[in-house]
Amino acid sequence: MNSRERVLLALDHKEPDRVPIDFGGLVSSLHHQAYRQLLEYLGMPTDEIPIMDMFQQIVDPAPALKERFHADIVGLFPHDSSDFEFKLDPTTDSFVDEWGVVYRRPPGGYWYDLAGHPLKEGTIDELNAFRFPDPRDVNRVKGLANEAQRLLRENDKALMIHAPIGGVFEQSYWLRGLEPLFMDMAYNKKYVEALAERVLEWLLEFWGLVLDEVGPYVHVVELSDDLGGQHGPLFSPGLYRGLYKPRHHRLTDLIHRKTEAKVFLHCCGSIRWALPDLIESGMDIINPVQVSARNMETDSLKRDFGEDIVFWGGGADATKVLPFGTPRDVKEEVKRRILDLAPGGGFVFAPIHNIQADVPPENIVALFEAAHEYGQYTVGS
Amino acid sequence: MDLREIEDAVVRGDAPGVVALVQRAVAEGVEPLAIVAEHLVPAMAEVGARFEREEFFVPEILMSSSAMQSGMGVLKPLMAGQEAVTAHRVVIGTVQSDIHDLGKNLVAIMLGGAGFEVEDLGCDVASEKFVEAVRQKEPHILGMSALMTTTMTAMRDTIDALAEADLRGRVKVMVGGAPLTQAYCDEIGADAYAPDAWAAVKLAKKLLDA
């Protein structure tokens, strides 16, 4: 069985030969410092540390490392639009994206923070006058179909299309600022809805363009929209169901019309409360399965939702065990998560979000060794 | 009038309603301090309780806080002088190089809601600025927030700077933020670690009772 077959079976809620492993994606890779430490630990060359995403400061790991960790998925990114040129301001260590969102890294910081938001007034007039980037700029997909076909031809991995943009809620708050958007939710719901609708329209155009090119080739489409904090929803479930859920559904409807690929939703935090809604709104896969957040116990998540959604992530608690445990602790944790999430398929192993700078290399090795060792079906036998 | 309507208006996040009701209460001879202590403060405690019960979320807290602040806006001029004697003062800020402030803002809101007088220094606050604020404002509590392991080290620097300036003994230091732990709080010589805004209120009261 090759990687592609393995992943497709798992996404179909069937048990392949072993649990598929995701390593090196937009939310399953590692910080460049952790990467360098890992390469040194393994005696691998450290001359190339390619940053895959500026915001999160994560790398595109070397193919040899992905092979070593038995990674089953390979990713593809659309390009920037033709009128955007990335420029880093070295004096402030900041940059502006094509939406006008400012990112800044503090001295000694590990990654960039959202530091400036273009929608300052929060009015409909401002929104109507705001110049959104062009979602259908053809440069975004230039050569992308050929690239997808090449990836399918040259390896046996499953193919995932990434897009470093926010979802309907996330992109709203990247444009407006989180606290201002929370205030808008309190005082100006009409504005929140108008903003959500504009963002959705953009996403529909963007994904329409991208999937017209690569829809026939990809197996997973990656969306992102954090709804949870450590303890529960970031804002009221009623508001999510009224404003964002129907828009998520319109987006997944478009994606499912354009491709047979499954829709992957990255949704951090305590989000058990949202799973029935996310399933209803057409999400096929939920990531990262943040086990340290409230009500995110993997055994009950699998029991209650395992037949209806694929769990992608949940590899090991990333707040205590992965950074501060021993390699043995990490392996025990992985074993436990696999026993909870793997039975019946519908599970892809991945670290819970990107591996951070201070995770010891021996723990990273233990994570993926255990994923391979304990992930052989029938698990636990 | 039924003064409990003031609490209902705060919990509802109805700022104009709070203003109108507070003005009516004042006109009917109710003491401003009593309105704060017996109605505005308990209303924010109820807001906190609803957040803990997952009935309220951050938008609702911001709305209720804004309503409460509107009421305080009516009462403050009437209480000038009195509250300086009775209120406990807090200076709060996010440490140097750190621009995350939502959590710190929630703490400031809940402490203000609990009757503390809060001066918020904002974000990216250098140690020297914290020390100067302690020197000038003489707060009972200094609150410091950080969201990153790379910036929380500035808390230790600030505590050391307070000691060097002979001010450490005059203020209680409370720390909080995602990377903070009780162990780190103890290590740097802070007086309390608050895992969230509700704990901050309870701990602040406890620190001042001791």
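Two residues are taken to be in contact if their C-beta atoms, placed from the backbone, lie within 7 Å. The structure is a predicted model, and the report applies that criterion to the interface between its chains and then turns to each chain separately.

**Interface between chains A and B**

On this criterion, 19 residues of chain A and 16 residues of chain B make up the contact. On the chain B side, helix H4 (58–79) and helix H6 (102–113) each contribute at least two residues. The most comes from H4(B), which gives five residues. By class, the side of chain B that touches chain A holds eight nonpolar, five polar and three charged residues.

**Domains of chain B**

Chain B is divided into domain 1 (4–83) and domain 2 (87–209). The C-alpha centres of these two domains of chain B are 25 Å apart. Where they meet, 11 residues of domain 1 of chain B are in contact with nine residues of domain 2 of chain B. Helix H3 (32–52) and H4 of chain B are the elements that give two or more residues to the domain 1 side. H3(B) provides the largest share of that side, with seven residues.

| Side | Nonpolar | Polar | Charged |
|---|---|---|---|
| Domain 1 of chain B, touching domain 2 of chain B | seven residues | two residues | two residues |

**Overall form of chain A**

The secondary structure of chain A consists of 14 helices and 12 strands. Its C-alpha trace spans about 60 × 45 × 40 Å along the principal axes. The radius of gyration of chain A is 20 Å, which agrees with the value near 21 Å that a compact globule of 381 residues would have. Of the 381 residues in chain A, 47% are buried. Among the contacts in chain A with a separation of 6 or more, 75% join residues 24 or more positions apart.

**A sheet in chain A**

Three strands of chain A form an open, antiparallel sheet in the order E4-E5-E6. Strand E4 (94–96) and strand E6 (113–116) of chain A stand at the edges with a single partner strand each, so one side of each has no neighbour in the sheet. Neighbouring strands of this sheet are turned by 35° against each other on average, direction ignored. Strand E5 (residues 102–104) of chain A is joined to E6(A) by three bridges, and the two run antiparallel. A:Tyr103 stands opposite A:Leu114 in E6(A).

Note on methods. Residues are numbered from 1 along each chain as its sequence is written. Chains are lettered from A and ligands numbered from 1 in the order in which they are written. This is a predicted model: local features need pLDDT of at least 70, side-chain atom pairs count only at pLDDT 80 or more; totals for chains, interfaces and linings use all residues. Helices (H or I, at least four residues) and strands (E, at least two) are DSSP runs, numbered from the N terminus. Ala, Val, Leu, Ile, Met, Phe, Trp, Tyr, Cys and Pro count as nonpolar, Asp, Glu, Lys and Arg as charged, and the others, Gly among them, as polar. Two strands pair if DSSP finds at least two bridges between them. Axes are lines fitted to C-alpha atoms, for helices over the stretch in contact, and angles run from 0 to 180 degrees between N-to-C directions. The radius of gyration is taken over C-alpha atoms; the globule rule is 2.2 Å times the number of residues to the power 0.38. A residue is buried if 20 or more other C-beta atoms lie within 10 Å of its own, exposed if 12 or fewer, and partly exposed in between; C-beta atoms are placed from the backbone. Domain bounds come from an automatic or database domain assignment.
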